[in-house]
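Could you walk me through this structure in the viewer? I have it open and would like to know what to select next and what is there.

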Amino acid sequence: MPEHAHQVDVPVTRVDGNAAAGPLGEILRLDITTAIGRCRHCGSAAPLSEAIVERDDDGVILLCRSCGHTLVTYLSRAGRQYLEFAGLLSLSTA
Amino acid sequence: MRVTPQGRILVLDVPEWPGNLAGQHLDLRLTAEDGYQAVRSYSIASFGDGTTVELAVDMLPDGEVSPYLVEDVEPGDMLEVRGPLGNFFVWRDSQTEPVQLIAGGSGIVPLVSIARAHRAAASTAKFRMLYSVRAPEDAYYASELAELVDDSFALDWVYTRTAPVGFARAAARITRADIEASTLPVADNPLVYVCGPTGFVEAVARILVDLGHPAERIKTERFGGK
């Protein structure tokens with residue numbers, strides 16, 4: 001806004017995990033933004049929709065809202081998509 | 001249709017659209033003549049079946065996409081969208097618990113979708129909406145929201161810069177007292193949806209937790225800011 005959903009409109013935008021549903025879904029084919037993610041660094045758990053999200057034209061970074069460490073990075077480059085779970089220890093249902 | 005000084009409602013005809021839940025969003029991609037692409041997410045004001053998708057877009061002065069959507073795009077132009085997206089910030093008419101909706105600025109869009117779905121389902125779930133805007137002319141959907149008010153839908157306003165003549169509350173940012181006075185109490189155990197700029201959402205969520213609302217009963221959606 002939602003931009004994202006929402007309305008952020010510059011090359012690097014800070015939104016939240018709701019806006020990660022589209023990019024992450026390109027690889028996963030399912031919506032993990034409703035799942036509770038636990039941060040490997042600080043141990044806090046929250047829905048991925050609540051994560052801080054920084055988005056630019058190449059990708060999306062999800063950051064833990066408690067400690068700021070990177071949870072997930074998504075990169076789209078030269079027609080391929082990459083997903084790395086650097087700081088995401090686990091996912092669980094709500 | 002320009003509906004606020006800086007905003008426009010866009011109605012898209014998307015033949016393949018599978019319908020969407022109230023509160024979902026879509027990603028919109030623009031491609032420049034040189035191939036440069038920009039993707040932005042926009043909340044959807046419409047819900048349910050059908051291939052007509054309604055957005056409300058605020059123009060951000062330094063934005064790459066929103067000025068085009070607000071000032072330039074014409075009926076008949078083609079846009080590329082992907083969605084519906086997101087299953088977190090949604091409301092389904094099978095939900096029966098009380099719901100508090102809190103919007104800042106254009107954060108009203110997904111909450112309008114939820115309020116419309118509540119009305120369309122003739123849901124008796126107790127709903128209350130608190131809508132914070134700079135000034136009356138900045139409000140989206142003001143007359144429609146006023147018409148939704150009934151026994152199961154209450155509407156409260158906060159004006160942050162200019163209040164209408166005769167409005168009891170002076171224009172100011174939303175405070176703990178506003179939320180205490182104009183939202184469903186903790187005793188109702190409402191599910192609370194908060195959408196707006198990041199600073200607004202963070203401030204409101206902090207107040208809600210401070211008032212005793214469990215964090216897991218607060219759903220948030222943020223855009224912009226720090």
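Start by selecting Asp13(B) and showing the residues around it. Leaving aside neighbours within four places in sequence, Asp13(B) is in contact with Thr51(B) and Thr52(B). Keep in mind as you look that this is a predicted model. Colour the strands and you will find Asp13(B) in strand 2 of chain B, which covers residues 7-13. Is Asp13(B) buried or exposed? Asp13(B) counts as exposed, because there are 10 C-beta neighbours inside 10 Å, and a residue with 12 or fewer falls in that class.

Next, select residues 25-31, 37-43 and 80-85 of chain B. Here you have an open sheet of three strands in the order 4-3-6, with antiparallel pairing. Strand 4 (37-43) and strand 6 (80-85) of chain B are the edge strands, each pairing on one side only. On average, neighbouring strands of this sheet are turned by 20° against each other, direction ignored. Zoom in on strand 3 (residues 25-31) and strand 6 of chain B: these two run antiparallel and are joined by four bridges. To see how they line up, pick His25(B), which stands opposite Leu85(B) in strand 6 of chain B.

**Two domains in chain B**

Zoom out and colour chain B in two parts: domain 1 (2-85) and domain 2 (99-223). How far apart do the C-alpha centres of domain 1 and domain 2 of chain B lie? The answer is 23 Å. Where the two meet, 14 residues of domain 1 of chain B are in contact with 13 residues of domain 2 of chain B. On the domain 1 side, strand 1 (2-4) and strand 5 (52-58) of chain B each supply at least two residues that touch domain 2. The residues of that side divide into seven nonpolar, six polar and one charged.

**The loop at Glu97(B)**

Now go to Glu97(B), in the loop between strand 6 and strand 7 (99-104) of chain B. Glu97(B) is exposed, because its C-beta has 11 others within 10 Å, and 12 or fewer is the cut-off for that class. Show its surroundings, skipping residues up to four places away in sequence, and you will see that Glu97(B) touches Ala125(B), Asn189(B), Pro190(B) and Leu191(B).

**A covered helix**

Select residues 108-120 of chain B to bring up helix 2. Helix 2 of chain B has 13 residues and reaches 18 Å from its first C-alpha to its last, close to the 18 Å expected. How many of the residues of helix 2 of chain B are buried? The count is 11 of its 13, so this helix is mostly covered. Among the buried residues are Ile108(B), Leu111(B), Arg116(B) and His118(B). Step past the end of helix 2 of chain B to Ala122(B), whose phi is positive, near 50°.

**Last stop: chain A**

Finish by showing chain A on its own. Its secondary structure comes to one helix and eight strands, and along the sequence the pattern reads β-α-β-β-β-β-β-β-β. Colour chain A by burial and buried residues make up 45% of its 94 residues.

Notes: Residues are numbered from 1 along each chain as its sequence is written. Chains are lettered from A and ligands numbered from 1 in the order in which they are written. This is a predicted model: local features need pLDDT of at least 70, side-chain atom pairs count only at pLDDT 80 or more; totals for chains, interfaces and linings use all residues. The expected span of a helix is 1.5 Å times one less than its number of residues. A residue is buried if 20 or more other C-beta atoms lie within 10 Å of its own, exposed if 12 or fewer, and partly exposed in between; C-beta atoms are placed from the backbone. Two strands pair if DSSP finds at least two bridges between them. Axes are lines fitted to C-alpha atoms, for helices over the stretch in contact, and angles run from 0 to 180 degrees between N-to-C directions. Domain bounds come from an automatic or database domain assignment. Two residues are in contact if their C-beta atoms, placed from the backbone, lie within 7 Å. Ala, Val, Leu, Ile, Met, Phe, Trp, Tyr, Cys and Pro count as nonpolar, Asp, Glu, Lys and Arg as charged, and the others, Gly among them, as polar.
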